[in-house]
Amino acid sequence: MTSAAVEPASNETATAKDAPRILVVDDEDTIRLVLAKYLRTRGFDVATAESGDGALEALAGSKFDLMLCDVRMPGLSGVELVPAALDADPDLGIVMLSAVNDAPTATEAMAQGVLDYLTKPIELQHLHDAVRRALHKRTLLREQRRVERAIREEVADRTKELEQEKSYLRELTVSVVETLVNAMEAKDMYQRGRSARVAELAASIADYLRLSPDVVEDVRIAGRLHDVGNIGIREDVLNKPGALNPEEIAHVRDHVRVGVEILMPLRHIERAVVFVGDHHEYWNGGGYPRTKAGEDISIGGRILAVCDAFDALISRRAFRAPVPPEEALEELRRNVGVQFDPNVYEALRAVVKRRKTLVFIDPRHA
Ligand SMILES: [Fe+2]
């Protein structure tokens, strides 16, 4: 017989169809055969292997409940066999058979997932008890693993559902507020679609700056909602063609505060609300409403500031034709370091260059 050979279950004792299957692995013929014979008489379905490699071959070919395994064998030792066997079948129960002086090794193997060990010479009654105990322990462990797996799956499913609900709620809220913005913009042909355009450009810049996808999404949302506070501005001021007096300027500036107040209760777009609150701050601290400066201004606020100004220039107004994008970029350049974050301005240049042809196919820009 080769070292990898497996002796089939003997027919000398009939075994029940659902009898536990045991693989006895020992290089000593006598021990292997005696153990197998005894276990068969106790109703187990037994196969044997005379080496570690033979055991792995048997495990690959068929399912066992338990493996009785000698510690010391030529070739693959019992201790080396344990992880490989559990790798082949994580549900396999393993009991080590060791000589007295191998006991520490067998104990060590317990840490790797071995259920029990027996020291040679093995008393057959002890063997039977150990096999029963190990099979019982294995059943408990399998059940524990099954429950843990079920809990993990349940938690993962529930988390996914919650994420979906959260994202649905978020989209619903944003859509409701956006409807308000669209309704306001629809009243003025020069404002129509403005927030949607700012949102797309702002998201492209956020993406270009390699911000994380959820921040990019919040920048897009903030773009769609950034001027919702205009709802609180008197129409005569909002549509005044000439220059505004100081009281009117203060009133228009108040749209940021009003917008933040409208959006504040929407906890699930908290970060986007911060971006909205920062969209008129200046890089040099000269903006409003809080005169924040530099990186104290949220990245979303800095992006919106530059997109808002760029879109205003390239859009047609009652009193002037749209400014070509290259000229608009040149005009904004004068405010880099004053109104705009230099990095964000460079990102705008890159994005506009990349999507130039797409930005201007909208007839409203023509
Ligand atoms: Fe604004």
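**Entry: terms and source**

I take helices (H or I, at least four residues) and strands (E, at least two) as DSSP runs, numbered from the N terminus. I am working with a predicted model, in which local features need pLDDT of at least 70 and side-chain atom pairs count only at pLDDT 80 or more, while totals for chains, interfaces and linings use all residues. Residues are numbered from 1 along each chain as its sequence is written, and side-chain values use heavy atoms, with hydrogens and water left out.

**Entry: loops**

I looked up P289 and found it in the loop between α10 (270–277) and α11. The peptide bond that joins Y288 to P289 is cis, and its omega is near 5 degrees.

I then turned to P121, which sits in the loop between β6 (116–119) and α5. The bond from K120 to P121 is also a cis peptide bond, with omega near -5 degrees.

I noted R210 in the loop between α6 and α7 (213–225). R210 is not a glycine, yet its phi is positive, near 60 degrees.

**Entry: helix pairs**

Two packed helices are described by the angle between their axes and the distance between the axes. I use axes that are lines fitted to C-alpha atoms, for helices over the stretch in contact, with angles from 0 to 180 degrees between N-to-C directions. Angles under 35 degrees count as roughly parallel, over 145 as roughly antiparallel, 65 to 115 as roughly perpendicular and the rest as oblique. I call a crossing left-handed if the near helix is turned anticlockwise from the far one by less than a right angle, and right-handed if clockwise. Contact means heavy atoms within 4.5 Å. For classes, Ala, Val, Leu, Ile, Met, Phe, Trp, Tyr, Cys and Pro are nonpolar, Asp, Glu, Lys and Arg are charged, and the others, Gly among them, are polar.

I took α5 with α7 and read an angle of about 25 degrees, with the axes 9 Å apart. That angle makes α5 roughly parallel to α7. On the α5 side I listed R170, E171, V174, S175, V177, E178 and V181, and these meet E217, D218, I221, R224 and L225 of α7. This contact of α5 with α7 holds five nonpolar, one polar and six charged residues.

I followed α7 on to α11, where the axes come within 10 Å and cross at roughly 50 degrees. α7 and α11 are therefore oblique to each other, and α7 passes α11 in a right-handed crossing. V219, A222 and G223 of α7 make the contact with G300, I303 and L304 of α11. I sorted those residues into four nonpolar, two polar and no charged.

I went from α11 to α12, which pack at about 135 degrees with their axes 9 Å apart. This pair is therefore oblique, and the crossing of α11 past α12 is right-handed. From α11 the contact takes V306, A309, F310, L313 and I314, and from α12 it takes P325, A328, L329, E331 and L332. I counted nine nonpolar, no polar and one charged residue in the contact of α11 with α12.

**Entry: pocket and cavity**

On a 1 Å grid over the protein atoms alone, I take a cavity as a set of points where a 1.4 Å probe fits but cannot get out, a pocket as an open set with protein on both sides within 12 Å along at least five of seven lines, and lining residues as those with an atom within 4 Å of a point. Grid points are joined across faces, edges and corners, and a volume is the space filled by probe spheres set on the points.

I read about 1,600 Å³ of space in the largest pocket. Its lining has 45 residues, and Q191, R194, L238, V252 and R317 lie nearest the centre. Elements that give two or more lining residues include α5 (124–186), α9 (246–263) and α12 (325–333). α11 gives the most, five residues. The pocket lining divides into 20 nonpolar, 13 polar and 12 charged residues.

I found one cavity of 30 Å³ or more in the whole structure.
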